[in-house]
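Subject: Structure handover

Hello,

Here is the structure I promised to pass on. My notes follow below it.

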Amino acid sequence: LVFFFHLAFLLLCTMFSVPQSSKSEFLDKARQAREERKGQKEKERAAILIQALVRRFLCRCRLQKQIRKEVDDYFQASETGTSKRNALSIFKIARKLLFIYRPEDKMKFEKLCRAILASMEVENEPKVWYVSLALSKDLTIPWLKQIKDVLWTCCQLLKNLKPDILQDNKLVTLYLTMLVTFTDTLTWRIVRGKGEALRPALTRICENIMGHLNQKGFYSILQILLTNGLARSKPSLSKGTLTAIFTLSLRPVIAAHFSENLLRSFLIHIMSVPAIISHLNVLTPEVKTHDLLRKFILFLSREEQCLDICVCLEGSHTLCLLGNLIQLGYLNEKVLEEEANHFVKDLTDMLSYCQRYVSQKKSNLTHWHPVLGWFSQTVDYGLNESMPLVTKQLQHLWGVSVIRTLFSDVLSKKLESQEPTPPPPQPSTSQNNLPVKNLFKRAFQKSASVRNILKPVGGKRVDSAEVQKVCSICVLYQTALSTLTQIRLQILTGLTHLDDLLPKLWAFICELGPQGGLKLFMECLNNDTEESKQLLAMLMLFCDCSRHLITILDDIEVYEEQTSFKIEELITISSFLNTFVYKMIWDGILENAKGEKLELFHSVHGWLMVLYERDCRRRFTPDDHWLRKDLKPSLLFQELEKGKKRAQLLLQYIPHVIPHKNRVLLFRNIVTKEKESLGLVETSSASPHVTHITIRRSRMLEDGYDQLRRLPVNSIKGVIRVKFVNDLGVDEAGIDQDGVFKEFLEEIIKKVFNPALNLFKTTSGNERLYPSPTSYIHENHLQLFEFVGKMLGKAVYERYDGDVGDLGLTLSYDEDVMGQLVCHELIPGGKTMPVTNENKISYIHLMAHFRMHTQIKEQTAAFIRGFRSIINPEWLHMFSTPEVQRLVSGDNAEIDLDDLKKHTVYYGGFHSSHRVIIWLWDILSSDFNAEERAMFLKFVTSCSRPPLLGFAYLKPPFSIRCVEVSDDQDTGDTLGSVLRGFFTIRKKEPGGRLPTSSTCFNLLKLPNYSKKSILRDKLRYAISMNTGFELS
């Protein structure tokens, strides 16, 4: 021991005596040795673990192989009949299969399901029935766990099956049969006869099974299966399959006595499947049993529950749920009638939720939906194939049956009949207005003999249950119109189908409030209560529907048959609308309006303008009906000068409340101001630039186009002087002081509008012109249209007046283009789609859109572009379409000779009592017809129509001068010539000379004829010749 201590001491001394580097090497070697020993131990442990895992895997594989062999042997023995099945053997083999089940074991699982179902079909052998094990004391719990596992495996397999594949379809039937069999005791033989006492206990087991499946996601599986089979143009689920799925989906709900949780799951997963009620309607009566609709309505009537459903479903599926609920309401009229208030509220809430995400235009955040349009939520494009069916479901909402049920309070109102009474006396009118007078008479007699004319009377409390109900229904349909943007026209068409709905709704509106009519709704505009919003929604729906109706009715239906509305009612309604819009603008409400109020304004204004435009085309209102007598034009013009917003809005939206004469003066004032700002008016310090052009009469259009098309817009707005050259190349006599240019303008406009040129065509009645779709035969046809627009704009700018004057069987249009038949499809594939009763309205809209928009879009755009380069489009907003035509081409009334005489100036000795002048007026009134009087006016002024505001506004004034010599010898009036003219003293008989004119000055140069007959013949000859200024 002493020796060892001594040795250790020596070693330590040695260690501390060696260099420091040797110590480090020693420590490193020791550390490496430790790590090598540790690594070796880890390798040994890893090897042992790997060996264990491999042994376990191989053991498991051997066991699985053995079990699979046992399962295969079992089913093979059963198929060959060498062994007899019983419930216990099925249970044991099922336990083994479930223990080793993998996706590749689907065939074995299929055989297991068939074996289980087969055992349930055996008669009078309880031991064979698989369900009998549920009654075994030792096996109840294991059996319950096993059947749950089996059924959930069925669900998992159903999720991935495609019903449109034949083999998959057979498996769908198998697994659904398993689910149907073991979620209800209905088919169990064990509960028949003496076993009836067992039914309550076994029913609880079924409920336990369904509860387990629900927790695992049973409804999601059914939804996937239904969507795969139904969300397509042609369903792939058979009647039996669909009935089984719906039966399965109902069982948990019924078992739970329609608990809110299960109702929620049912609505989210089953009722949101596209058009499921449509498919079920003819297949199973269960869709109408259990009072499902009422339970759904009452569940959704709680706002938070309805919102929860909508949030879970998002837009596309919410729409599918909506369609299914609407069809259920259509099928259950009694429930719909009893629960109308809740039903309407539910649909409104769901539509309102969708409306939040409906966008007016495309953006990076929106997706296209075939019913909702641009939608800012995710769109399930897999549902697009089924959208036509969903749309058909939605159509029930505006179908006759549902409308009659919901609007029963309105439609039950009787419009009292009365005896015909004579029409009110009409103010005296000219012969030209007699058709309007007769129309009033016929309309009054017809309407009065049928019912009272509906006018605001008041008397119905707005807070009554009846009014609240009707308002909420109107809110529903108004929400549908603003949400279902792509089928808006269908909704409006459905709501206007019943001829008596709109007049009765108007009668209902007339009864609201203490006095009825305008005052109530104006008060609503200033209140922000829910009641006011609903009343305004009713007015908005009435306006939208009525506007749609009157737009699609033809003149016979409006004026003669008086469909829906009587003429007097249209007069009353238009007066109400006119005042309502006027008040909204003039009282400053529109300036700050946004959201619902702005939408209301556009609805009321849209309906008003449809009536106004219809009246402009064919009168039905009395004189001055549209004018606001409490609005002074001078006040309006003052506010326009100051830039007041209300004056600008009034001129923009309802300029017709101002007399036409004042609007024309305002228009001309605007043009004059622009001319001054552009330096186009003669001043003391400067003269405007003048553009000179030379025109050959035989090539007027070509020369005018070549010389004017390149001019800047401001030059066209400025002064243009024309020199005509005749066919011989000789300059025509005449100095252009606007008169020659006026003639050029009128002639060139006549030429371009002549259908023979093929820039324009006439309608079948040869009454209206429209751009020719084949105008492209002209190489520069679009530039020609732009040129025409500029010339027409120049005519309006300068105040010149001139004359501007079956169905197929498929969704396509065949056109003969220069001898070749060209087929235009109105929609993709349209030439193979027949026109049917269902799509005939769409066909008419598509055809009209193609003929009047698509086909002539480029020509119309070029024409408008040219016109707007001269005339600011905002200037024309104050005129209706007929008024614009009058602005362009002058008054279309006959020439008022009394007005012309009153504003005629005489020179050269002529005066109003002069014999020649008396003869002239007598010839014009008695001997000349209307056409010849127009030719006379054109001869003197270059325009065949009278000025828009009468001859008082003709500049320079109409003048007649007595002349003694021809134009080339005429040096003007002298004292002698005036005296000779005054006293009818002639140097020589002027019978060989013709009357001439100076259109620049609106001047008729008339020789002092000795006989009336000579005057008549010479004047008739002169006005009938078209040789420019060469008759002097």
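F753 and F760 are both buried (under 20% relative accessible area with a 1.4 Å probe, protein chains only; exposed is over 50%, partly exposed in between). Their ring centres lie 4.6 Å apart with the planes at 35°, so the pair is tilted. Rings of Phe, Tyr and Trp (its six-membered ring) pair if their centres lie within 6.5 Å; planes under 30 degrees apart count as stacked, over 60 as edge-to-face and the rest as tilted.

A note on the source: this is a predicted model, where local features need pLDDT of at least 70, side-chain atom pairs count only at pLDDT 80 or more, and totals for chains, interfaces and linings use all residues. Residues are numbered from 1 along each chain as its sequence is written, and side-chain values use heavy atoms, without hydrogens and water.

The aromatic pairs number 27. W368 and W374 make an edge-to-face pair, 5.1 Å centre to centre with 70° between the planes. W368 is partly exposed at 36% relative accessibility. W374 is partly exposed too, at 23%. Ring pairs also join W506, F521, F542, F565, F576, F580 and W607 into a cluster.

Overall, 48% of the 1032 residues in the protein are buried. The protein has 42 helices and 13 strands (DSSP runs numbered from the N terminus: H or I of at least four residues for helices, E of at least two for strands).

Best wishes
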